[in-house]
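Work through the exercises below with the structure open beside you. Try each task before you read its solution.

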Amino acid sequence: MFSTNIVQQAWIRSSGRCECVRGTHRHFGRCNRPLAWERRAESGPGGWVAASKSGKFVKEVDDCEVICWFCNNSA
């Protein structure tokens with residue numbers, strides 16, 4: 001789990017939008033779906049999670065990715 005400080009830095013970097021660029025999802029390039037800070041760890045529109053890019057939760061902002069609920073739950 002990331003510290004609040006790391007998540008805030010990632011949120012600012014993302015401009016409050018989904019950073020997912022996975023080619024297997026239904027978006028071309030970056031998802032860029034608008035998110036709401038208050039909807040962290042919630043499902044539905046505006047919901048999002050702070051996910052680890054490496055899968056190891058390295059305690060650095062470069063490993064923290066702001067992902068919408070839809071992308072986080074897509075196969």
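**Exercise 1. Find the contacts of His27, starting with the polar atoms of its side chain.**

Step 1. A polar atom of the His27 side chain lies 2.9 Å from the backbone oxygen of Gly29. The model is a predicted one, in which local features need pLDDT of at least 70 and side-chain atom pairs count only at pLDDT 80 or more, while totals for chains, interfaces and linings use all residues. Residues are numbered from 1 along each chain as its sequence is written, and side-chain values use heavy atoms, with hydrogens and water left out.

Step 2. Helices (H or I, at least four residues) and strands (E, at least two) are DSSP runs numbered from the N terminus.

Step 3. Check the surface. The relative accessible area of His27 is 18%, so the residue is buried. Buried means under 20%, exposed over 50%, and partly exposed in between, with a 1.4 Å probe and protein chains only.

Step 4. List the neighbours. Leaving out residues up to four places away in sequence, His27 touches Cys20, Val21, Arg22 and Cys71; contact means heavy atoms within 4.5 Å.

**Exercise 2. Which cysteines does Cys71 touch, and how many disulfides does a search of the whole structure find?**

Step 1. With residues up to four places away in sequence not counted, Cys71 touches Cys18, Cys20 and Cys31, as well as His25 and His27.

Step 2. A disulfide is a covalent bond between the sulfur atoms of two cysteines. Here the test is a pair of cysteine sulfur atoms within 2.5 Å. The search of the whole structure finds 0 disulfides.

Step 3. Take Cys20, which is in no disulfide: its nearest cysteine sulfur belongs to Cys71 and is 3.8 Å away. Cys20 counts as buried because its relative accessibility is 0%.

**Exercise 3. Describe how β1 and β2 are placed.**

Step 1. Strand β1 covers residues 48-52 and pairs with β2 in the antiparallel sense over 5 bridges. Two strands pair if DSSP finds at least two bridges between them.

Step 2. Sort the side chains by direction. In a regular strand the side chains alternate between the two faces of the sheet. From β1, Trp48, Ala50 and Ser52 point one way and Val49 and Ala51 the other. From β2, Cys64, Val66 and Cys68 point one way, and Glu65 and Ile67 the other.

Step 3. Count the covered residues. In β1, 5 of the 5 residues are buried, so this strand is largely enclosed by the rest of the structure. β2 is mostly covered, with 5 of its 5 residues buried.

Step 4. Look for the core. In soluble globular proteins, nonpolar side chains tend to be buried together. A nonpolar core is a set of buried Ala, Val, Leu, Ile, Met, Phe, Trp, Tyr and Cys residues joined through side-chain atoms within 4.5 Å. The largest one has 18 residues, and those touching the most other members are Cys18, Leu35, Trp48, Cys64, Ile67 and Cys71. At least two residues of this core come from each of α1 (4-14), β1 and β2.

**Exercise 4. Where does Glu65 lie, and with which residue does Arg22 form a salt bridge?**

Step 1. Glu65 is in strand β2, residues 64-68, and Ala51 stands opposite Glu65. Glu65 counts as buried because its relative accessibility is 8%.

Step 2. Side chains of opposite charge can pair when their charged atoms come close. A salt bridge is a side-chain nitrogen of Lys or Arg within 4 Å of a carboxyl oxygen of Asp or Glu. Arg22 forms one with Glu65, and their closest N and O atoms are 3.2 Å apart. Arg22 lies in the loop between α1 and β1 and Glu65 in strand β2, so the pair ties together parts that are 43 residues apart in sequence. Arg22 is partly exposed, at 35% relative accessible area.

Step 3. Compare with the rest of the structure, which holds 3 salt bridges. One of them joins the side chains of Glu19 and Arg13, at 2.8 Å from N to O. Glu19 is buried at 11%, whereas Arg13 is partly exposed at 34%. Another salt bridge joins the side chains of Arg39 and Glu42, at 2.5 Å from N to O.

Conventions:
A polar contact is a pair of N or O atoms within 3.5 Å; within protein, one must be able to donate a hydrogen and the other to accept it, and residues adjacent in sequence count only if both atoms are side-chain atoms.
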